[in-house]
Amino acid sequence: MNKLYDYFISNGKQNIDYQRVLEATNNLNHTINFSKSEYYRRLSLKLSNTKTSPKAYWTILKSIFSNKKIPKIPPLFVNNNVISDFKEKASLFNFHFAKQCSKLINNSALPDQIIPSVFSFSSIDLNEDNLLSLIRSLNVSKSHGHDRISIRMIKMCDKSILKPLMIIFRNCLNDGIFPMSWKKANITPIHKKGDKCTNSNYRPISVLPICGKLFEKIIFLDLYNFLSSNEILNINQSGFRSGDSCTNQLSLITHEILKAFDSNPTLEVRGVFLDISKAFDKVGR
C-alpha cells in the first residue's frame, strides 16, 4: 500500500491512482479487523476452556490488556464470547440485575384471616432537630448518589438546608409520593461467590441520593420506635434490630436443643431453616 501511495504522489495525484490507494486501504483495514476478531475469538475459547492452566489464563489476560491495569471486574464469558468492553459489561449487568427484580407469578395468596393489631400508626413526626441530628451524624467518607449532592456538601449547609428539606418531606407525606429521582441509584456489581467471569455470581450494591435516605431514616425511626414501644415485634426476632445479632439466635437454638436433650424423657427437636435466594429483590414495587 505504501508503494501505491508513493506512486500516487509522484504521478501527479491522478484520480485512478487515488482509487487504487483507497481500495488497498479498505482491503487492509478489513484484513486487520478480521484478523483481530479471529485472534480474540481464539483467546476467548482458551479462557473459557476449563483445561486452561492458571498460568496460561493470566498470560492471556495480560496479552489482552497489555500494560493497562486490569479492572476490578475481569472479562465476562457469555455464550463462549469474552466481554471486556466496559459499556458492554455494564449493559450485561444491568440486564441481569433487572431480570432478578421481576415479580414472581404464582397462585400464592395471603391468608384470609389476619389478626389485626389493636395499635395504629397514623403519622410521622417531622422534626427539624431530629433531621439536624441525622445530618450531623452522616459519614463524609460515604459515597453520594447520581444527583452528585455529597454528604460533605449537606453537612456544610447544616441548618440552612433544614427548611427546604422539611418542605419536601411534608409534601411527600401529604401526597403519598416518593420522588422518582430518589429511587434511582448508582449500581456497583460486587462479587459474591464462584467464578468471577460469570455475571450471575455478582450482587448489586445500590448507592442512593442522600436526601432520599434522610427521608427514609426519619420514617424508619418513627416506625421502629412505634413497633418497639408497643411490643409488636416478636421478642425472638433478631434481624434488623439494633443491639441484636445472629449470636443471640444461635444461643437460643442451642439452649432449646440442650434443654430437650436434658429432659426426661428426652424430647424431639425439629428446626426449619430457609435460605431464600434474592428475597428482597422479589418484593413487590
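Biologist: So strands are DSSP runs of E with at least two residues, helices are runs of H or I with at least four, and both are numbered from the N terminus. With that settled, where does Lys192 lie?

Modeller: Lys192 is in the loop that links strand S3 (186–191) to strand S4 (202–207). Keep in mind that this is a predicted model.

Biologist: Is Lys192 buried or exposed?

Modeller: Exposed, because its relative accessibility is 59% and the cut-off for exposed is over 50%.

Biologist: And which residues does Lys192 touch, leaving out those up to four places away in sequence?

Modeller: Asn201, Tyr202 and Arg203. Take Arg203: it is eleven residues from Lys192 in sequence, and their C-alpha atoms are 6.4 Å apart in space.

Biologist: Let's zoom out. How many helices and strands does the protein have?

Modeller: There are nine helices and four strands. Going along the sequence, the order is α-α-α-β-β-α-α-α-α-β-β-α-α.

Biologist: Is the protein a compact globule or more spread out?

Modeller: More spread out, because its radius of gyration is 30 Å, well over the 19 Å that the globule rule gives for 285 residues. The C-alpha trace spans about 100 × 65 × 40 Å along the principal axes, and buried residues make up 20% of the 285.

Biologist: Which residues of helix H5 are buried, then?

Modeller: In H5, which runs over residues 128–136, they are Leu131, Leu132, Leu134 and Ile135. These four cover an arc of only 160 degrees around the axis, so they sit on the same side of H5.

Biologist: Why would residues three or four places apart point the same way?

Modeller: Because an α-helix has 3.6 residues a turn.

Biologist: Nice. What covers the buried residues of H5?

Modeller: The cover includes helix H6 (151–157), helix H7 (162–175) and helix H8 (210–229).

Biologist: Where are Arg148 and Glu231?

Modeller: Arg148 is in the loop between H5 and H6, while Glu231 is in the loop between H8 and H9. Arg148 is exposed at 69% relative accessible area, and Glu231 is exposed at 70%.

How values were computed:
Residues are numbered from 1 along each chain as its sequence is written. This is a predicted model: local features need pLDDT of at least 70, side-chain atom pairs count only at pLDDT 80 or more; totals for chains, interfaces and linings use all residues. Side-chain values use heavy atoms; hydrogens and water are left out. The radius of gyration is taken over C-alpha atoms; the globule rule is 2.2 Å times the number of residues to the power 0.38. Buried means under 20% relative accessible area, exposed over 50%, partly exposed in between (1.4 Å probe, protein chains only). The arc is that of the directions from the helix axis to the C-beta atoms. Contact means heavy atoms within 4.5 Å.
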